[in-house]
Amino acid sequence: DQQVKQNSPSLSVQEGRISILNCDYTNSMFDYFLWYKKYPAEGPTFLISISSIKDKNEDGRFTVFLNKSAKHLSLHIVPSQPGDSAVYFCAASAFDAGNMLTFGGGTRLMVKP
Amino acid sequence: DGGITQSPKYLFRKEGQNVTLSCEQNLNHDAMYWYRQDPGQGLRLIYYSQIVNDFQKGDIAEGYSVSREKKESFPLTVTSAQKNPTAFYLCASSNYLNTEAFFGQGTRLTVV
């Protein structure tokens with residue numbers, strides 16, 4: 001049973017427009033959420049995170065929104081750039097479970113020039 | 001520079017042979033992890049270790065073994081018992097109190 005799900009395996013966006021990547025989770029114990037970006041044949045790199053006490057966190061072009069009641073989070077990239085083309089993984093952890101990260105299946109973002 | 005290093009980047013082995021993937025970190029992190037990524041799939045946890053000389057099975061530990069004799073090192077052995085060993089293997093580390101995990105560059109293992 002997948003506790004973290006990214007239902008869109010791929011997303012295509014025009015350069016300059018907004019990219020919205022979605023993630024749903026089922027475990028109500030999760031209290032920390034992260035987004036990672038991954039290029040082919042490389043390890044994931046940390047992008048942005050949000051604690052369950054917040055509903056929004058912003059870092060430059062990247063904003064993560066958390067809706068605890070819906071168990072849903074999203075990553076917004078504005079404006080999208082061709083260099084943003086990568087696979088994005090959503091991850092969640094619970095402090096009471098030793099902060100183990102549970103990853104979603106990933107969404108491949110393609111930003112077209 | 002602090003970081004986490006996996007070696008080699010590409011590895012080829014014959015079926016039936018054991019192979020060990022190296023992972024070293026100089027971030028002074030307590031916890032280390034091994035993940036496996038298959039095409040079109042997310043990251044699945046193989047093993048993790050939160051302290052030296054202790055490790056726990058993840059979701060897909062069968063056919064793998066690990067050791068944690070030093071804080072900096074967490075090698076993964078892919079044994080001949082692993083039915084589908086060809087994959088991209090990722091090592092990560094984190095400070096126990098900090099949930100952000102740092103990843104190595106990965107090792108692509110191909111078994112022929």
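The residues lining the largest pocket split into twelve nonpolar, ten polar and four charged. Keep in mind that this is a predicted model. That pocket holds about 520 Å³, and 26 residues line it. The second largest pocket comes in at about 420 Å³, with 24 residues along its lining.

**Largest pocket: who sits where**

- If you want to find the middle of the largest pocket, look for A:Gln3, A:Leu101, A:Thr102, A:Phe103 and B:Asp59, which are the lining residues closest to its centre.
- The top contributor is β5(B), which supplies four residues.

**Second largest pocket: who sits where**

- Here the lining residues closest to the centre are A:Val87, A:Arg108, B:Gln37, B:Gly40 and B:Gln41.
- On the strand side, chain A provides β9 (86-93) and β11 (107-112), each giving at least two residues to the lining of the second largest pocket.
- β9(A) gives the most to this lining, with three residues.

- What is the make-up of the second largest pocket's lining in nonpolar, polar and charged residues? The tally is nine nonpolar, ten polar and five charged.
- Among the residues closest to the centre, you get A:Arg108 from chain A and B:Gln37 from chain B.

Key: Residues numbered from 1 in each chain as written. Chains lettered and ligands numbered in written order. Predicted model: local features only at pLDDT ≥ 70, side-chain atom pairs only at ≥ 80, totals over all residues. Heavy atoms only, no water. 1 Å grid on protein atoms, 1.4 Å probe; cavity = no way out; pocket = protein on both sides within 12 Å on 5 of 7 lines; lining within 4 Å. Points joined across faces, edges and corners; volume = space filled by probe spheres on them. Nonpolar A, V, L, I, M, F, W, Y, C, P; charged D, E, K, R; others polar.
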